[in-house]
Amino acid sequence: MAKRQVEEKAESLKKKKRGYQESYIEFGFIEAMDKIRAECIFCSEKLANESLKPCKLKRHQTTKHPETVGKPKEFFLRKRELVVTNRPQNIKDIFAKAGSDQKQATVASLECSLLIAHAKKPHNIGETLIKPACIKMAEILCGPQVANKFMTVPLSNNTVKDRIDRMAGNVENTLVEKIKTGPFSIQLDETTTVAEEAILIVYVQYIEETELKQDILMSVNLTATTRGEDIFSVVDAYFTKHNIPYENLVACCTDGAATMMGKNKGFNSRLKEKTPHCLVFHCMIHRHALAGKHLCEDLNVTLKTVVKIVNFIKARPLNKRIFAQLCEDEAHQTLLLHTEVRWLSRGRVLVRFMELKNQIRDFLTVHNQKLSEEMTDEFLIKTYLADIFSLFNEANQRMQSADANVMECKETVDAFVGKVVYRMKKNGNGRPATVSLATTTVRGEVT
């Protein structure tokens, strides 16, 4: 008896199964692929067979897609045609489409991770800012159906880190394979960060087809001492790990520090023991910067006076604000501090000083009479040093370009020497001995 009741109930439910009607398109619904449910053409949500009632379909439309209420029937028909065209026709197409969507989401994740790495932003910015912003813009401009696709793009902190690490590893392996097949040269640069960490960066130059290219080969934190043997041990361990042949290393460029140039324990001497044929030379940009440090006593006093005036104005916030008011109509409202370790600092400081010399004189007349008296006409004449250092900085920046090579650096230095000699002849009343000393040093070091 109970079994019969169950069968009768199942039969009655089967008989009550509702069918899709063409009028439901006015609420934004089409017949689903299983021929039982109704599918929304805007959000792709599928309603159960029991919900195939006009009142329930209309409630879905008014609550989730109120902007479509009152639209003409032609609007829904165009949407239906678009959905039906893009809908897979069988189970094989469904799996293929799902795989294609996942593949596109992975590609989008890789591209976004690359942008995060280039912008040097924290890895969690993908899930905290970029992804929510994309979803919000897609909802406003394209609707929720497109926004749902953005939700499938993986941009978590660990995912972005993994993507960046994999791309970096792929780039490194590609670069290593290139230098294994032909001659290359390296350039070592040891720097110290704000946190007082010693970092060794090794650049590599190699020939690809007919072009000379330069890339970063490795970057390592030197946790302990930074002696020449320590630096060589790090480089040698990297070469050994990646099976890079020393026979392909034809040149090495370093600065003039004792850890690099030392005769017994320097990096260069250790490298020569490993590969005697390698040409070791002093960095041309560094030699150019060293040559510019030699000034005669008069010009050195002039530079110190400029630094003293700049420090007086910049040291106190009140002086800085008052001076900024005097320079309201100028292109710049502040002076630049001189930093000895920065090669381009002197030129920029002197150029800015000469641009604002009238405002500086007015300020010192009121606030420091002693420094004001030092700004004589003879002092201002000697600030032609700004022109020399402007040429110096221009040459230095050209040599620091990513595509620069030894030949181009040599041409840049020769052009700089020619410009200085030309200005010496043109001025006539300057101090040719000082400039001649600097130019002789540069020419001698280059050749």
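**Note on the predicted model: cores, hairpin and charged pairs**

1. Leaving out residues up to four places away in sequence, F353 touches V306, I309, V310, L335, I360, M375 and F379, where contact means heavy atoms within 4.5 Å. The model is a predicted one, in which local features need pLDDT of at least 70 and side-chain atom pairs count only at pLDDT 80 or more, while totals for chains, interfaces and linings use all residues. Residues are numbered from 1 along each chain as its sequence is written, and side-chain values use heavy atoms, with hydrogens and water left out.

2. F353 is also one of the residues with the most contacts inside the largest nonpolar core, which has 40 residues, and the others in that group are I309, I313, F323, I360, L364 and M375. A nonpolar core is here a set of buried Ala, Val, Leu, Ile, Met, Phe, Trp, Tyr and Cys residues joined through side-chain atoms within 4.5 Å; buried means under 20% relative accessible area, exposed over 50%, and partly exposed in between (1.4 Å probe, protein chains only). Several helices each supply at least two residues of this core, among them α11 (284-291), α12 (297-315), α15 (357-367) and α19 (406-427), and the largest share, eight residues, comes from α18. A second, separate core of 27 residues includes I179, L188, L217 and F232.

3. For the protein as a whole, the secondary structure comes to 20 helices and eight strands, taken as DSSP runs numbered from the N terminus (helices H or I, at least four residues; strands E, at least two). Of the 447 residues, 35% are buried, and among contacts between residues at least 6 apart in sequence, 59% join residues at least 24 apart.

4. Which residue is buried yet has no salt bridge? It is R352, for which the nearest side chain of opposite charge, E355, is 4.0 Å away; Lys and Arg count as positive and Asp and Glu as negative, while His and the chain ends are not counted. A salt bridge is defined as a side-chain nitrogen of Lys or Arg within 4 Å of a carboxyl oxygen of Asp or Glu. R352 lies in helix α14 (residues 345-355), and, leaving aside neighbours within four places in sequence, R352 is in contact with H332, T334, L335 and L336.

5. By the salt-bridge rule the count comes to twelve. In one of these bridges the side chains of R80 and E22 meet at 2.7 Å, N to O; because R80 lies in helix α3 (residues 73-86) and E22 in the loop between α1 (2-15) and β1 (29-31), the pair ties together parts that are 58 residues apart in sequence. R80 is partly exposed at 23% relative accessibility, as is E22 at 43%.

6. Within helix α7 (residues 157-180), K161 and D165 are four residues apart, about one turn of the helix, and form a salt bridge with the closest N and O atoms 2.9 Å apart. K180 and E177 also meet in a salt bridge, at 3.6 Å, N to O. Elsewhere, R227, E229, D230 and R270 are linked in a network of salt bridges.

7. Strand β5 (residues 198-208) is largely enclosed by the rest of the structure, because eight of its eleven residues are buried. Eleven bridges join β5 to the antiparallel strand β6 (residues 211-222), pairing being assigned if DSSP finds at least two bridges between two strands. I207 stands opposite L212 in β6, and the two strands form a hairpin with two residues between them, where E209 in the turn has a positive phi of about 60°.
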